[in-house]
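Here are a few exercises to work through with the model open beside you. Try each task before reading its solution.

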Amino acid sequence: MIYEIIDNILDYYPEAEVWRVEQAYVFMAKFRGAKSDCLGDPYLSHALNIARILTGMHLDVATVTAAILHEALEYKLLKKEEMEELFGQEVTNLVLGVTRISNLEYNEKTASHRENLIKMILSLATDLRILLINLADRLDRMRRLRCQPSDMQISVARETLDIYAPIANRLGIDWMKKELEDLAFYYLDPFAYQEIINGIAKKSEEQEQYISRVKEIISEKLAEHGLNAKVLGRVKHVYSIYRKMLAQNIDLDHVYDIIAFRVILKNIANCYEALSIIHSMWEPIRGRYKDYISKPKPNMYQSLHTSVIGPFGEKMEIQIRTEKMDKIANEGIAAHWAYKEGRKVDEGETERFSWIRQLLEVHQEIKNPKDFIRSVKFKLFPDEVYVFTPEGEVKAFPKGSTPIDFAYSIHSEVGHHCVGARINGKMVPLKYELQTGDVVEIITSSKQHPSSDWLKIAKTSKAKSRIRHWFKVQETQRSITLGREILEKEFRKRSLNFSHFINSDILHEVAVSFSLKSVKDLLANVGYGKISAGQVAGKLCHLTSPEEKPEKPEELETKPDLQKKLPGGVKVRGVSDILVRLARCCSPLPGEPIVGYITKGHGITVHRAKCPNILKGSKDRVIEVEWDETGDGVYPVGVDLICANSKGMLATISAALSNLDINIHEARINARPDEKSLCRFVLEVKDYDQLKKALTVLRNTNGVFQVWRRGFSAKSS
């Protein structure tokens, strides 16, 4: 394989110093050559696969060399200084960057956490080639994931879908993004993946005929108008079809735009003429036309997008572009990330990705890959740093931020009582500037309070505003105390009992007469010196007669906190006569932590505490709920498994569940080509403990290979 890699490099860069690649191969072969991976292949084949992917992208010798050596520092096969001496500073810097990103730990959390982790990875990659090596590493790892344990498969696949596929998308490497998504989808939901694959396979002959016919119609019609066009048709990749099914809540039979067409012409004028001809042939769908030629995306992507009602009454997506535009898109230079991820590009992010325009300009002129890569070294987020909390959450801050900013980002009280910070396990002063990748732990003390010096140390507006607010509150409190003392003295002079008036409506009326909202505001203004004690006493005497005594405020009647039993064995504190239902997305069971979510017109929906739908929703609608220990009944829960496709297997599974007094409410079986079956069950269980017993029994049943609970996470149990 090493000679194939060298031949690839020489094909696009004949003057390359390929001896450096051979040197790296020989070095790694000494340590890894005799070892085999879980597939039985030589361990070194992983590094060579990465190198081959990169040569397919026409990367330079330094990148390919670093790819072969990418694990050398991580596994301490040699020291940084030794690598510099043997392979040079450039290769060493690339390997260091790859190692640093590889060591980041991913915990499945909120969308903002994933976004910040993506930004952290991008900011750590001070050289574009570092990202490309990491992406190639992840792609080969996904291709070889089948020999790993099922829990690792799910974990790696989730990280790939959440982190690495979006990065490939942002860099415009569309083919890699699609393959990463499809591979991850295969492991995260094998049942749905297989259903789509089977559905596409059934229609393959019909689709080929359809594509051929539509291409013929478009080509002939354009040729009639003197336009020579190259027309391409393709079936969309599996994960994009799945997302469409999910978004529109439809099955595969009702996805009518699985096939997309691309029309490639010589110049821009031809593109608009072709668009007009296609719209005259078939009815365009309103709202689906986009002109990215006259108004290119910030990343310089250009094309005309339209959807029409096709020749057989079906929806059909068509892209129209020039040969140059198609070449740019296919080479991954036009980054589709903002469009594909469904969010707008703000001005700051447009500026950060200005390197794409530079890449576009340089790529047309430079033939030497080494010179090309040198011309596009960059740092994507120079004005931001990304750090970890001790729990693994990623937080973003402006460059120059300190532990003070971090503390206030957690909570105001944490900030107010911050006395120090531990960065990567070591104590640092509060003026320490945070660096990307730092793990930050804040140390607090109840005796600590903000200092005026903190305003000079803090970088974020949030921290500064909270510090100023604390000083304002303290000043207001001191003014209230002082105002109270001044009024007490004034009232004693006038033989008035201040304590009789402080909580009365009369003193509140006095405050209102000064255009203030409360008695506290009145006391503060007296303390500030804005209102005199004599003015307050005079107003009070005017509003009440000398004989009048303040009424003793009535005791408020307190009612006990209601605990209303509601359907589903759930109690909602303080709420009565309200509809309660169990969420289908996560199917909570008695014994699991739960929360309630107030929906519009549908009462309260009970979710598992870690359900992503709760994390994405409004915190104001979250309500405390708890299981009713006196409740009984059974609860539906989805369980999927992969088992041998053999006679009596279903009976064995049914018997195992029956012994646990568990009923199978629903079952769907789908045979696979590898002589295994995908089984999707809906079980009726009493609580979480019974479910755990069922999963344990099934995992220990002969012929059962994988078992998992359906819900918001494939690895939940």
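The expected span of a helix is 1.5 Å times one less than its number of residues. Keep in mind that the model is a predicted one.

**Exercise 1.** Compare the span of helix α23 with the expected one, then find its buried residues and look at what follows the helix.

*Solution.* Start with the length: α23 runs over residues 461-493, which makes 33 residues. Next, go from its first C-alpha to its last: the helix reaches 48 Å, close to the 48 Å expected. Now turn to burial, where the cut-off is under 20% relative accessible area. Finally, step past the helix to Ser495, which has a positive phi, near 60 degrees.

**Exercise 2.** Work out the strand order of the sheet that contains β8, and find the helix that packs on it.

*Solution.* The order is β9-β8-β10, an open sheet of three strands with antiparallel pairing. At the edges are β9 (426-428) and β10 (440-444), each pairing on one side only. On average, neighbouring strands are turned by 35 degrees against each other, direction ignored. Helix α20 (residues 403-410) packs on this sheet and touches β8, β9 and β10. The direction of α20 makes about 80 degrees with that of β10. For a closer look, follow β8 (residues 418-423) along β9: they share three bridges, and Ala421 stands opposite Val428.

**Exercise 3.** Is Leu171 buried or exposed?

*Solution.* First locate Leu171 in the loop between α9 (150-170) and α10 (174-188). Its relative accessibility is 5%, so Leu171 counts as buried.

Conventions:
Residues are numbered from 1 along each chain as its sequence is written. This is a predicted model: local features need pLDDT of at least 70, side-chain atom pairs count only at pLDDT 80 or more; totals for chains, interfaces and linings use all residues. Side-chain values use heavy atoms; hydrogens and water are left out. Helices (H or I, at least four residues) and strands (E, at least two) are DSSP runs, numbered from the N terminus. Buried means under 20% relative accessible area, exposed over 50%, partly exposed in between (1.4 Å probe, protein chains only). Two strands pair if DSSP finds at least two bridges between them. Axes are lines fitted to C-alpha atoms, for helices over the stretch in contact, and angles run from 0 to 180 degrees between N-to-C directions. Contact means heavy atoms within 4.5 Å.
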